[in-house]
Each structure stands twice: as structure tokens, then as C-alpha cells.
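Welcome, and please open your viewer. We will walk from one selection to the next and look at what is there.

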Amino acid sequence: MAASCVSKERTGVPVVALSLGKPMPRVGFGTASATLGQAEGRAGVTEAVLSALSAGYRHFDTASAYNSEAAVGDAVIHAAAVRDDLYITTKLAITDAHPGRVLPALHKSLRNLQMEYVDLYLIHFPVSMRPPVVEGGLAVVKEDLVEMDMKGVWEEMEECHRRGLARAIGVSNFSCKKLEYLLSFANIPPAANQVEVHPHCRQNKLRAFCREKGIQLCAFSPLGAKGTAWANNSVMECPVLKQIAHEKGKTVAQVCIRWVFEQGDCVIVKSFNEKRMRENLDIFGWELTEDDRRKISGLPESRGTFDFFVHESGPFKTAEEFWDGEIVAGQSTNQVAVRLDPTSLQ
């Protein structure tokens, strides 16, 4: 079982021990934007990371698909930050989720980051895509989706760890069933599973499974990713959450992040607005009441990452297959998140 939070970094952000590597700060700064960094540009993302460092963030989450690795590296160098004081997570793109491509992909990410290692390297999704003819393409082409050779890919993830290039390895967007399969052959179990978590997407079954297996659950989109192609606007517009926030004298965002934190998860928050960056860290020194938690537990289920990788020609023909039925049962039909042909990855 993953250890409970027992200490704090100098920034005041609690940390949690993982099964591999060093403790992870429980609140991290996300660098995925709706335009995958294209609107912000490298300099804009770098400036946001510098502001986050100043605000007290030490855990930074990026991915090959986010187009933000280089900006994170620039910020760390510009700030003359001590590498060992930071926690850096990046992710393997689905186009590189093939045997023979994992190590080269991590080497490329490390060059972008201008670092010798990452603290956590994740398989971004439990699916692969045929590599593009022109390297560097970010679009998801559903017709090119193929079943992942999970055993072969995980063996290379383990090699990344053995070589010291990734101090810890894990997965993202994996269901209980897919984790069970991975654990059946893994020599090094995944240290973390990063998934969508917020008051409308509570992940109770997955959290219990991960806790039993010693896998730390990490939450992305704790506010429902409003304003993105995969948006779930029901979170920030939820009357129940607005009422709780009003009673607490907090923002809806703070209530959502605090709720995720109280579940024992690590949480990746994202705002390039400096005021909101600091607000998103102001979740300590207060807590939700039992009545607050009861109200949140009764909210209808919905999520943004619902059927991104579903296609008639792909390995997953339905959302039920992709999520192994774990998010569909009980999901409100009028609250189900967007179904679209995505042009970007979360």
C-alpha cells in the first residue's frame, strides 16, 4: 500500500512516498493547455512555470504530447532551481508506445527537458497509435489506433528505470482491469496511475484498487478541464459546489482541489494565471465537513476523457471496452462529457 503523507517540503506542500523513487509533492503544476502550448508559445509556458516556482510549486507535470517539456526545462535552468528539489513527471506518447520506441522517446524527452532523469515516467494511455509518417505530429488519428503490446512496452519502461533515466515508472488512464493485467507480468509494479478525478468523476473503485496494490492515484483535471476540447463544464458550474464554496469563503476550484486532496490522491492543477496559481495552493489549514463530502458523493458522474480512443477500426470499439465498464454504470445520460474526435491529448 502507498504510504500516507508523513512530511512536508519547505514549500509547505505535503508529500507522499511512492513504491519507487523519492516522495511526490501532493499538489503539482500541470503544463497541458487546450492548444498544447501552441497559443502560449515556449516562452509563455516558461514564464508560467517560473511563476509557479515562485508561488511554491515543486512538482511539474508535462508530457511529450503537451509540447511543454522544453519550456519546463528552460524555466528550471533560468530559475537556477536545484534539480533534486523538484519532482518532474513526463509521459510516453501513444505513437511511441511500441517496443523499440520507448527508450528513444524518453531520451528525446530528457533532451527537451535538459535533464538527466525524470522522477516519474508514465505510459500516457493504454493504447498505441501507428507512428506518423512525419515525426512530431500531435493529432490523434483514430484510424491509426492499434492495440498496445503492453508487455513489450512495460519491459522497456522497466529498462528506463533500471538505467536511472526514470526514478519511478507508472501509467495514466488505466482501469482496474488493465492494471490487473499489467501487474500479472510486471517485474517492477507501476508506482502511480494518473487519471481524471474531480467531484463529478470520483474514481472510488479505481482508488480502492490502487490503494490495495500500492499504486498512488494522481488526479488530473480536478476542475473538469473547463475551456478545453475535452471539457466537463458541469464541475465549475455545479450549484452544490458553488454553495459549499460560498459557505467556506473559498472558490469552487479550491473546494474541488481540497476534495481530491482529502481522498489521498496527488492532484495536478493547471492555471497560467498567477493569482489562481496561488489560490490553487491555498487548500491547507481547512477541510470539508462530512455534510460537504456527502453532498459531493451524490453528484452525477461525468467526465471528459470518455471516448477519445474509441473507433470501429481500433482495439476499443466502445467506451465500455476502453474503460472496462468502470465509468459507464450509473453515469448520467445528460451529464456525459463531450464525445468528439479529438485533435489533442489530455
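Start by selecting Cys 218 and Cys 266: the latter, in β13, is the bridge partner of Cys 218. Keep in mind as you look that this is a predicted model.

**The barrel**

Now widen the selection to strand β12 (residues 216-220) and strand β13 (residues 266-269). They run parallel and are joined by two bridges. As background, strands of a sheet pair through backbone hydrogen bonds, either parallel or antiparallel.

Which strands close into the barrel? Colour β4, β5, β6, β7, β10, β11, β12 and β13, and you will have the eight strands, in that order, with parallel pairing. From one strand to the next, the twist averages 25 degrees.

Next, show helix α4 (residues 150-162), which packs on the sheet. The helix touches β6 (87-92), β7 (120-123) and β10 (169-172), and the direction of α4 makes about 140 degrees with that of β10.

Move on to helix α6 (residues 204-213) and show its side chains. Leu 206, Arg 207, Phe 209 and Cys 210 are buried here. They sit on the same side of α6, because they cover an arc of only 165 degrees around the axis. What do these buried residues pack against? Their partners are α5 (176-183), β11 (192-196) and β12.

Turn the view around: the face of α6 turned away from the buried side carries Lys 205 and Glu 212, which are exposed. Then step just past the end of α6 to Gly 214, where phi is positive, at about 75 degrees.

**The nonpolar cores**

Select Tyr 57 and Tyr 121 next. These two have the most contacts inside the largest nonpolar core, which has 88 residues. In general, nonpolar side chains tend to be buried together in soluble globular proteins.

Stay with Tyr 121 and look beyond its neighbours within four places in sequence. Its contacts there include Leu 92, Val 102, Leu 106, Met 157, Cys 160 and Ile 169. A second, separate core has 15 residues, among them Ile 94, Met 129, Phe 308 and Val 310.

**The salt bridges**

- Asp 144 is partly exposed at 27% relative accessible area, and Arg 130 is partly exposed at 41%.
- Lys 250 and Asp 282: here the closest N and O atoms are 3.8 Å apart. The pair links distant parts of the chain, 32 residues apart, with Lys 250 in the loop between α7 (239-248) and α8 (252-262) and Asp 282 in the loop between α9 (274-281) and α10 (290-297). Lys 250 is partly exposed, at 23%, and Asp 282 is partly exposed, at 36%.
- Lys 275 and Glu 279: these side chains meet in a salt bridge of 2.6 Å, N to O. Both lie in helix α9, four residues apart, which is about one turn of the helix. Lys 275 is exposed, at 57%, whereas Glu 279 is partly exposed, at 22%.

For the last stop, select Arg 258, Glu 262, Glu 290 and Arg 293 together: a network of salt bridges links them.

Terms used
Residues are numbered from 1 along each chain as its sequence is written. This is a predicted model: local features need pLDDT of at least 70, side-chain atom pairs count only at pLDDT 80 or more; totals for chains, interfaces and linings use all residues. Side-chain values use heavy atoms; hydrogens and water are left out. A nonpolar core is a set of buried Ala, Val, Leu, Ile, Met, Phe, Trp, Tyr and Cys residues joined through side-chain atoms within 4.5 Å. Buried means under 20% relative accessible area, exposed over 50%, partly exposed in between (1.4 Å probe, protein chains only). Contact means heavy atoms within 4.5 Å. A salt bridge is a side-chain nitrogen of Lys or Arg within 4 Å of a carboxyl oxygen of Asp or Glu. Two strands pair if DSSP finds at least two bridges between them. Axes are lines fitted to C-alpha atoms, for helices over the stretch in contact, and angles run from 0 to 180 degrees between N-to-C directions. The arc is that of the directions from the helix axis to the C-beta atoms.
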